Amino acid sequence: MSEKYKVRDQDENYFLTLTVVQWIDLFTRDRYIHIFEDALNYCIEEKGLVVFAYVIMPSHIHMIVGTKNKPINDIIRDLKKYTSKSFIEAIKEPGESRTEWLLRTFSFFAKKPRQARLRRVRFKLSICNATS
């Protein structure tokens, strides 16, 4: 994660936006929503993430979050890493009509240089301090 997108004060609450590359409407399918919500619930129960509110839009997610005991950067990194891998697995399952296109698009952005701020993770992240 670049310095621009790192949380400086771990005790504050933050507004986060996680976007799917190219604003792909991944969350129009229930399977991907369930993957994200299961991962989010795991982070709440096991990693100390505090979620005040979130909304899932077709191509992105807005969240207001804080943390109890672990750096929020680490929690969000793990959330993004896990969900991106789980999305790829779900895309490969039968029933996804856009399998080839989605895998090709995600593969392209995973290999794109750092200037795109994307590597293995399929989300971009923007952070805004909720108390500002």
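**Overall fold and helix packing**

The protein chain contains 3 helices and 4 strands. The model described here is predicted. Read from the N terminus, the elements follow the order β-α-β-β-α-α-β. Of the 132 residues in the protein chain, 41% are buried.

Two helix pairs were examined. Packed helices are described in general by the angle between their axes and by the distance between those axes. Helix α1 spans residues 30-47, and its axis comes within 10 Å of the axis of α2. The two axes cross at roughly 150 degrees. Angles over 145 degrees count as roughly antiparallel, and α1 is therefore roughly antiparallel to α2. The crossing of α1 past α2 is right-handed. On the α1 side, the contact is formed by R31, Y32, I35, F36, A39, L40, C43 and K47. On the α2 side, the contributing residues are I75, D78, L79, Y82, T83, S86, F87, A90 and I91. Sorted by class, the residues of this contact comprise 12 nonpolar, 2 polar and 3 charged.

Helix α2, residues 72-92, also packs against helix α3, residues 99-111. Here the angle is about 150 degrees and the axes are 9 Å apart. By the cut-off of 145 degrees, α2 and α3 are therefore roughly antiparallel to each other. The crossing of α2 past α3 is left-handed, whereas that of α1 past α2 is right-handed. The residues of α2 that take part are I88, I91 and K92. They meet T99, L102, L103 and F106 of α3. This contact divides into 5 nonpolar residues, 1 polar and 1 charged.

The relative accessible area of T17 is 9%. Residues under 20% count as buried, and T17 is therefore buried. The side chain of T17 is joined to that of H62 by a polar contact of 3.0 Å.

Terms used: Residues are numbered from 1 along each chain as its sequence is written. This is a predicted model: local features need pLDDT of at least 70, side-chain atom pairs count only at pLDDT 80 or more; totals for chains, interfaces and linings use all residues. Side-chain values use heavy atoms; hydrogens and water are left out. Axes are lines fitted to C-alpha atoms, for helices over the stretch in contact, and angles run from 0 to 180 degrees between N-to-C directions. Helices (H or I, at least four residues) and strands (E, at least two) are DSSP runs, numbered from the N terminus. Angles under 35 degrees count as roughly parallel, over 145 as roughly antiparallel, 65 to 115 as roughly perpendicular and the rest as oblique. A crossing is left-handed if the near helix is turned anticlockwise from the far one by less than a right angle, and right-handed if clockwise. Contact means heavy atoms within 4.5 Å. Ala, Val, Leu, Ile, Met, Phe, Trp, Tyr, Cys and Pro count as nonpolar, Asp, Glu, Lys and Arg as charged, and the others, Gly among them, as polar. Buried means under 20% relative accessible area, exposed over 50%, partly exposed in between (1.4 Å probe, protein chains only). A polar contact is a pair of N or O atoms within 3.5 Å; within protein, one must be able to donate a hydrogen and the other to accept it, and residues adjacent in sequence count only if both atoms are side-chain atoms.
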